[in-house]
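Hi there,

Here is the structure I promised to pass on. Have a look at it first, and then read my notes below.

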Amino acid sequence: MSNSKQTERATPGSCETLLHILEALPGALFVIDGTEKIVYANASAQAMPGATPEALVGNSFWRGAPHLVNTTLYQAVRKARQTQEPTEVEYISPVTQNWLHVQLVPTAGGLVLHFHEKRAPTRRQETSSPDEHLASDVLENMYVGVGFLTPEGILLDINEAPLADAQIRREEVIGQPFADTLWWTFYPASQDQLRAAITRASRGETVCFETMVHPREGMDLHLEATITPHRDVDHHVEYLVYVGSDITARKRAEGEIRALIDAIPQLVWTGRPDGSVDFYNQRWRDYTGLSTEEAEGDGWMQCMYPEDRQRVLETWQRAVQTGRPYEAEQRLRHGTTGEYRWFLMQATPYTDAQGTILKYVGTCTDIHDKKQAEDEIRVLADAIPQIVWMMRPDGSCEYTNQRWCDYTNMTSEQSQGDGWLQAIHPDDQQRVLAGWQRAVQTSRPYEAEQRLRHGTTGEYRWFLVRGVAHRDDQGTILKWFGTATDIEEQKLTEEALRQSQERASVLMNSNIIGIFVDEGDRIVAANDTFLRMTGYTQEDLREGRMNWLHMTPPDYLARTLEAHQELAAQQSITPYEKEYVCKDGSRLPVLVGGVILQHHPSQAIGFVLDNTARKELEQRKDDFISMASHELRNPLATLKLQTILLHRQLARQGTLASAPALSSMQTQINTLTRLVEELLDVSKIQAGRLEYVQETVDLDALLREIVDTMQQTHPSHRILMRGVVQTNLLGDRDRLEQVFTNLISNAIKYSPDAQTVEIDLSTSPESATIRVRDHGLGIPREQRDKIFDRFYRVTDPKQKAIHGLGMGLYIVSEIVKGHGGTITVDSNVGKGSTFTVTLPLKRDA
């Protein structure tokens with residue numbers, strides 16, 4: 001609208017007066033409406049830009065008066081409109097470089113701006129920002145392009161660098177929409193990028209983007225642009241700050257690098273510091289069938305196998321957050337065939353001198369064939385009845401076979417990473433983890449014993465775990481392969497061995513039992529107790545002066561050699577009594593046992609117990625028995641004679657009423673006499689003075705006579721004799737009668753609930769055999785060899801109730817031996833016993 005048209009709406013007189021006043025005002029005066037369009041400009045205002053009223057009125061103030069546009073003025077206009085209060089500011093004109101003083105007065109429909117040129121600023125309340133000079137210096141000295149825009153995208157100010165590139169003046173672009181300036185109009189796509197960024201920034205968002213601009217003919221620039229909103233005190237977007245950095249050189253270098261990367265026959269990509277991928281080489285695009293634009297950001301995930309996406313994305317995000325290298329295995333779809341193949345994804349952050357990440361450079365290596373080979377290995381590993389595992393180069397678990405899953409009740413996925421530690425015994429976890437980490441750090445083979453929990457029973461068992469590194473041709477570790485072997489039984493054996501060794505050590509250090517190790521005849525080791533027993537020293541032992549053969553007296557040599565033959569045949573010997581000749585010539589009675597050393601068959605270990613005290617006790621007992629039996633014999637003989645005489649006297653007097661009591665007395669005297677006789681026999685046997693009469697004995701007649709007598713005295717049992725020997729033998733008839741009488745008597749005594757005792761006779765050309773069988777209590781297996789010992793009594797409570805001193809079978813055994821025969825027993829508890837006596841028919845003279 002022209003000035004003349006404005007005056008038509010008022011009365012002629014008032015309009016002319018007002019126009020004269022406005023035109024007479026010093027300085028430039030503008031009236032703008034609510035949309036910031038010019039509705040009036042006086043002559044001074046028209047003269048400043050050199051424009052006609054038609055060029056100004058009706059146009060945007062910011063485009064019509066670019067020489068006046070400034071961010072300080074823009075902020076003042078917004079403030080006056082919001083507060084509806086007059087204000088004023090001072091600032092330097094970006095075109096004339098003169099100081100301008102501006103008064104802003106709100107009107108009913110808009111705003112009046114009155115401009116005055118000043119030589120120097122005045123100190124008033126409303127002036128330009130104290131940081132304006134600094135901002136102006138920064139703007140003009142920055143190599144990057146910096147501009148200030150209204151929220152609608154109108155350019156309020158811009159520094160010199162982009163103006164110099166375009167070779168244009170500031171007033172040519174100030175007040176225009178920034179997207180319509182020379183830089184942006186050449187490339188419509190870049191223009192659309194800028195408009196979209198301004199829209200987003202006007203809503204309060206900081207926007208970053210890369211784009212291409214064309215400042216002038218022959219010049220194209222790559223820019224990295226950022227638009228940042230500036231807010232007022234009420235948090236409304238006041239204006240926008242645009243910063244454009246020239247990255248042409250960097251993009252050129254990247255282009256060269258990308259050209260080189262495109263020539264690489266491997267899938268290569270690059271990513272921004274925030275993790276978004278911005279470039280894929282031609283090999284990647286050919287394989288996936290995706291363009292760079294389609295795959296930018298997270299678009300690359302569409303060609304990934306669905307089951308891998310979450311795992312791979314989490315791994316990539318974790319690498320970006322921590323700034324560490326990235327590595328993952330994933331399946332990628334071939335864009336043409338749709339086939340998925342395994343690739344190893346690796347990325348390394350590229351940083352500047354300060355360590356700030358500028359880029360991620362990554363590769364995708366086809367490992368499909370290797371994965372298939374690994375799958376075949378895994379199938380084989382699942383078939384192995386042993387635990388098999390595989391770790392990554394960093395030591396994290398990648399695979400466990402089915403045997404692991406079955407034992408621990410954990411899936412292979414649950415065991416991934418450090419999950420396998422859950423199956424380790426809590427007391428072992430720290431030790432095992434430290435050992436494994438040490439192996440990974442040093443690349444040395446791993447070996448450890450650890451306890452693994454059975455997933456079903458909760459039981460822990462010991463396993464031996466071993467692992468070795470698999471390397472490529474350059475020595476780089478590709479995988480760790482390992483096994484876990486159940487060694488529970490071995491550990492139990494080791495523990496038993498340890499306890500056995502402890503016991504052996506205690507035994508070896510015992511001051512009661514002498515222990516020695518022999519090799520051949522020579523004693524090669526001995527404990528202090530054995531040396532003390534025999535009077536030898538450690539020096540004697542070292543010098544080889546201890547020899548068990550030389551230390552054995554002649555009268556014990558045969559028994560000792562027999563024991564060593566038993567040791568060689570059975571690996572152990574039944575303890576036996578003997579004597580050793582000590583270093584001082586004295587003789588030491590001992591009880592000796594021994595075993596062959598399993599790990600050293602040529603050596604045997606002997607156990608020696610000092611038998612001196614026992615021998616002395618037995619000797620005193622034998623002396624007492626001998627003395628007592630002799631002392632008792634004469635009184636018993638007298639008592640027996642007196643009872644016989646008394647019996648005769650009572651018979652003559654006819655007082656036989658006392659005969660039963662007298663008969664009972666005679667029976668007890670006979671029993672006591674028999675016991676005394678047995679004690680005497682034992683004493684004689686121990687002294688080696690038991691004599692045998694050599695006479696011809698009809699064995700059949702002897703046995704029939706014994707059976708008839710025993711049958712009369714023991715009517716409770718029926719004694720059956722079967723078979724005959726029909727032979728005579730040379731021996732002592734009374735002693736043989738003593739043998740069979742004792743055996744039959746015992747058979748009756750130890751079978752109280754049975755009715756028969758059986759005697760079987762048989763013969764061969766060399767010997768006669770007599771078997772005495774009962775159907776009574778029987779003898780436990782562990783006690784059968786002891787019943788022929790002197791004074792031994794079976795510990796069974798039922799047999800303890802049967803009277804006896806345990807001398808009978810000892811005497812029987814000695815008499816049989818004295819006749820060159822043998823006696824054995826075969827017995828079953830609760831079923832009875834059979835004693836077998838074998839006597840030679842002919843004896844050497």
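A definition to begin with: the expected span of a helix is 1.5 Å times one less than its number of residues. Helices (H or I, at least four residues) and strands (E, at least two) are DSSP runs, numbered from the N terminus. This is a predicted model, in which local features need pLDDT of at least 70 and side-chain atom pairs count only at pLDDT 80 or more, while totals for chains, interfaces and linings use all residues. Residues are numbered from 1 along each chain as its sequence is written, and side-chain values use heavy atoms, with hydrogens and water left out.

Now the overall picture. The chain has 27 helices and 32 strands. Of its 845 residues, 43% count as buried (under 20% relative accessible area; exposed is over 50%, partly exposed in between, with a 1.4 Å probe and protein chains only). The accessible surface is about 45,700 Å², with 52% of that belonging to carbon and sulfur atoms (Shrake-Rupley method, 1.4 Å probe; for residues, only the protein chains shown count as cover).

Buried here are Asp-428, Val-432, Gly-435, Trp-436, Ala-439 and Val-440. They pack against strand 16 (387-391), strand 18 (446-453), strand 19 (460-471) and strand 20 (477-486), where contact means heavy atoms within 4.5 Å. Just after the helix, Ser-443 takes a positive phi of about 65 degrees.

Helix 11 (residues 248-262) has 15 residues and reaches 20 Å from first to last C-alpha, close to the 21 Å expected. Which of its residues are buried? They are Thr-248, Lys-251, Glu-254 and Ile-261. These cover an arc of only 130 degrees around the axis, so they sit on the same side of helix 11 (the arc is that of the directions from the helix axis to the C-beta atoms). On the other side, Ala-249, Arg-252, Glu-256 and Leu-260 are exposed. The partners of the buried residues include strand 8 (207-216), strand 9 (219-231) and strand 15 (357-366).

Strand 15 also holds Leu-358, which is partly exposed, with a relative accessible area of 38%.
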